[in-house]
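Hi,

Here is the structure I promised to pass on to you. Have a look at it first, and then read on for what turned up in it.

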Amino acid sequence: MKLVVQVKLLPTPEQAAALEATLRAANDAATWVSQLAHDRRVFRNYDLRKHVYGQVKDRYGLAAQAAQHVIKKVADAYTTLHAHVRNGHLGRPGSARRERVLARPIVFRPGAAQPFDDRCLSWQLNARTVSIWTTGGRMKGVAFTASPDQLTLLAAHRKGESDLVCRDGRWFLIATCDLPDVPVRAPDGFVGVDLGIANIATTATATATATATGTGTGDGVRHSGKTLNAVRHRHRELRRRLQAKQTKSARRLLKKRRRKEARFAADTNHTIARRIVTEAARTGRGIALEDLQGIRDRVRLRKPQRVTLHSWSFHQLGHFIAYKAARAGVALVWVDPAYTSQACSACGHVAKNNRPDQETFACTSCGFAEHADVNAARNIAARGETGWAVSHAA
């Protein structure tokens with residue numbers, strides 16, 4: 001499996017200026033190559049290299065390896081764009097959005113990430129410095145900071161390219177680490193994970209009796225989204241007030257608080273994912289997750305609820321659970337979420353009236369009552385067991 005390790009660079013002002021000049025030159029070159037590729041309809045890396053390689057080196061002062069990476073970055077960007085078009089992510093054929101996107105070449109920001117391979121970048125992990133190529137020559141002794149776990153991963157598993165990126169005046173290197181796959185253990189049952197907004201995640205097993213606190217077996221544990229939703233609301237109101245002021249200090253504060261909400265949400269999701277995976281590994285169970293892809297296109301909500309839905313980071317939480325489960329050797333299955341909130345986990349009866357409100361589930365057939373999210377998590381766990389049995393029947 002592949003993991004990325006992000007380390008923060010601590011360059012001197014002179015080193016930061018050299019890095020900025022290098023990043024700007026590389027992205028200016030990428031924008032020029034993108035324009036030519038769009039005009040001539042040449043998108044393959046090898047074909048594009050024959051048209052622009054020499055000009056990229058001469059125009060922008062890039063070394064041979066850096067020029068190769070710029071051309072490959074452009075080719076990869078168009079490959080991704082065309083994949084989105086084929087999959088219908090940019091609208092149907094002939095739609096205004098699709099035609100608008102295809103009519104313009106891809107443009108690269110001055111601070112967009114630039115890949116460096118081992119010829120352009122070398123790591124001195126013991127000294128916590130890197131040596132990196134710049135347009136002004138090889139620059140040695142650029143300091144970086146990293147945790148002990150990050151240093152261990154870099155020393156043992158770093159492989160391939162590393163990306164140089166600048167965010168809000170801070171410099172980062174993002175390195176790829178290729179870890180050996182951990183054998184997946186045969187699960188003794190499954191933990192169902194119901195994802196939501198009021199409760200970010202609720203876990204339960206298919207057969208065990210859920211408890212209010214979830215002590216002992218980890219069943220019926222609800223990870224509340226009250227704190228995260230309050231933070232989102234506070235940040236939204238603060239942004240609204242600052243944007244209305246339109247003063248220099250207001251814009252400065254808005255820039256300072258950029259991505260603060262996203263970092264808080266990511267930390268919350270990491271914490272929840274770690275707890276779910278740790279509990280599953282401790283009890284020898286697998287994890288069943290809802291496949292919620294495309295839910296924003298399927299759901300129709302009133303305008304005040306749309307902000308909440310589009311701020312819902314269920315995909316990030318699912319990704320965190322997936323990679324942590326892979327590292328721990330915990331089985332993971334994705335299940336169809338249809339009617340999991342309306343089906344009774346005791347008798348299987350499905351009815352819209354089974355769930356009179358957000359928290360309550362009361363089966364109109366057998367009378368079974370439970371917290372709605374716990375009932376849904378049980379249904380997900382049952383579907384996980386069925387899906388695992390079917391996929392491993394051979």
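Arginine 128 counts as partly exposed, because its relative accessible area is 32%; the rule is that buried means under 20%, exposed means over 50%, and partly exposed is in between, with a 1.4 Å probe and protein chains only. You'll find arginine 128 in the loop between β3 (121-124) and β4 (129-134). Its phi is near 55°, a positive value in a residue other than glycine. Most residues other than glycine have a negative phi. Arginine 41 also has a positive phi, near 55°, and sits in the loop between α1 (13-40) and α2 (45-60).

Before you go further, keep in mind that this is a predicted model, where local features need pLDDT of at least 70 and side-chain atom pairs count only at pLDDT 80 or more, while totals for chains, interfaces and linings use all residues. Residues are numbered from 1 along each chain as its sequence is written, and side-chain values use heavy atoms, with hydrogens and water left out.

Now the overall picture. The protein has 12 helices and 14 strands; these are DSSP runs numbered from the N terminus, with helices being H or I of at least four residues and strands being E of at least two. The C-alpha trace spans about 75 × 50 × 50 Å along its principal axes. There are 394 residues, and 40% of them count as buried. The protein exposes about 21,600 Å², with carbon and sulfur atoms supplying 52% of that (areas come from the Shrake-Rupley method with a 1.4 Å probe, and for residues only the protein chains shown count as cover). If you take contacts between residues at least 6 apart in sequence, 64% join residues at least 24 apart; a contact means heavy atoms within 4.5 Å.

Leaving aside neighbours within four places in sequence, leucine 3 is in contact with Ala175, Thr176, Cys177, Leu179, Tyr323 and Arg327. Valine 184, in the loop between β7 and β8 (190-195), touches Gly329, Val330, Ala331 and Trp388, not counting residues up to four places away in sequence.

On to the charges. The protein has 63 positive and 32 negative side chains, and the centres of the two sets lie 7 Å apart. Lys and Arg count as positive and Asp and Glu as negative, with His and the chain ends not counted; each charge is placed at NZ of Lys, CZ of Arg, CG of Asp or CD of Glu. A surface patch of positive charge is made by Lys8, Arg170, Arg234, Lys256, Lys260 and Arg263. Patches take residues with over 30% relative accessible area and no salt bridge, joining like charges within 9 Å and nonpolar side chains (Val, Leu, Ile, Met, Phe, Trp, Tyr) within 5 Å. Lysine 8 is in strand β1 (residues 2-10), and it counts as partly exposed because its relative accessibility is 31%.

Side chains of opposite charge can pair when their charged atoms come close. How many salt bridges are there? The count comes to 12, where a salt bridge is a side-chain nitrogen of Lys or Arg within 4 Å of a carboxyl oxygen of Asp or Glu. Here are three to look up:

- Arginine 259 and aspartate 168 meet at 2.8 Å, N to O. The pair links distant parts of the chain, 91 residues apart: arginine 259 is in the loop between α7 (248-256) and α8 (260-283), and aspartate 168 in the loop between β6 (158-167) and β7 (170-178). Asp168, Arg258 and Arg259 are linked in a network of salt bridges.
- Arginine 232 and glutamate 261 also meet at 2.8 Å, N to O. Arginine 232 is in helix α6 (residues 226-245) and glutamate 261 in helix α8, so the pair ties together parts 29 residues apart in sequence. Both residues are buried.
- Aspartate 373 pairs with arginine 355, the closest N and O atoms being 3.5 Å apart. Aspartate 373 is buried, at 5% relative accessibility, whereas arginine 355 is partly exposed, at 24%.

Happy clicking!
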